[in-house]
Amino acid sequence: MLEQFSIDVDQGLSSEHKYLPSKYFYDKVGDALFVKIMALPEYYLTRAEMDIFEQQTLSMLNAWALDKHQHFELIELGAGDGSKTKKLLTTLKRKQYNFDYLPIDISANALDQLEASLARELPDIKVHKQQGDYFKILASLKSSHHPKVVLFLGSSIGNMSDEEANGFLIQLGKTLNPQDKLLLGADLIKPESLVLPAYNDSQGVTRDFNLNLLARINRELGGDFDLNQFKHDPSYTQQEGIAKSYLTSLADQRITVKHTGKQYWFKAGEKIYTEISRKYSDEIIQNIIEGSGFQMIDKLTDQNNLFADYIFNKR
Ligand SMILES: C[S@@+](CC[C@H](N)C(=O)[O-])C[C@H]1O[C@@H](n2cnc3c(N)ncnc32)[C@H](O)[C@@H]1O
């Protein structure tokens, strides 16, 4: 893990347009900051998707049309704290469905906390956690022949470019069998006045989350980033529909990272691109599922029409 982190950091900081992969946001500090982000007044995404999970889990079950007596696997990619999923787990248990829950996350800390909270809150549910990069774990899902329902919530798909998302969904489609289901959470395109504050809140939690990437390089790879010399710098236009997060260097500076054994030069104003958060329309969703074998069977939206959970059947 440390080796891969070091390789990815070196690649990103050596590139002409510097970048850092967003999956490295999630260490213990980043997980805790993300839990804070979800509760921010400006971060409408979690509340909107929670509204769907509070009001419409029965519609999900209707769309999935599962046989109550046949065992199935509920697989979640990037489960995080599982707060929305717990609403679904509660309904599934109440309706006496026969299933195991398989959360996958790159953060061992997030998975341990999720497992512990489920043992307290929903002790009857069988949980099999898997730590790792979901891009790598996808292939291993194929070995099980139980029917599967895959959850990919929180608009995490939006952290990929449309091309990457399409490749990811094609790969996911190949690991599933006909009649397996996918529920894909997607933040809908909306004005800048709503989107931008979600990535640039008044308390500075999203700033700290973004800067934690540099702090993590300092902690784990022996970097010497001065966090005061970088600025959290998000942008969004409704026309493009993509929120972008950057860290902008405030000075000409040289950074040393012991673990990569290299120095990296920054000009004042130079940006490190850290994350995109794509916003969606039905048309963009249709484009990214192209060639994946998924057919849309339902679309559930929250009361304010901010967020959608798209439900697909694997043909
Ligand atoms: C934005 S949070 C969303 C959490 C949850 N799905 C929700 O909707 O609230 C993203 C989660 O995905 C995990 N994650 C990010 N990139 C990942 C990757 N490549 N493989 C596995 N998990 C990843 C993070 O650790 C984090 O828990």
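**View 1. Strand β6, residues 181–187, is largely enclosed by the rest of the structure, since 7 of its 7 residues are buried.** Buried here means under 20% relative accessible area, with exposed over 50% and partly exposed in between (1.4 Å probe, protein chains only). Lys 181, Leu 183, Gly 185 and Asp 187 point one way, Leu 182, Leu 184 and Ala 186 the other, and all are buried. Strands (E, at least two residues) and helices (H or I, at least four) are DSSP runs, numbered from the N terminus. This is a predicted model, where local features need pLDDT of at least 70 and side-chain atom pairs count only at pLDDT 80 or more, while totals for chains, interfaces and linings use all residues. Residues are numbered from 1 along each chain as its sequence is written, and side-chain values use heavy atoms, leaving out hydrogens and water.

**View 2. Strand β5 (residues 148–152) joins β6 in the parallel sense over 4 bridges.** Pairing requires that DSSP finds at least two bridges between two strands.

**View 3. Helix α2 (residues 28–38) has Gly 30, Asp 31, Leu 33, Ile 37 and Met 38 buried.** Seen down the axis of α2, these buried residues fall within an arc of 165°, so they line one face of the helix. That arc is taken from the directions from the helix axis to the C-beta atoms. On the other side of α2, look for the exposed Lys 28 and Lys 36. The buried residues of α2 pack against α3 (44–55), α6 (108–121) and α10 (205–221), contact meaning heavy atoms within 4.5 Å.
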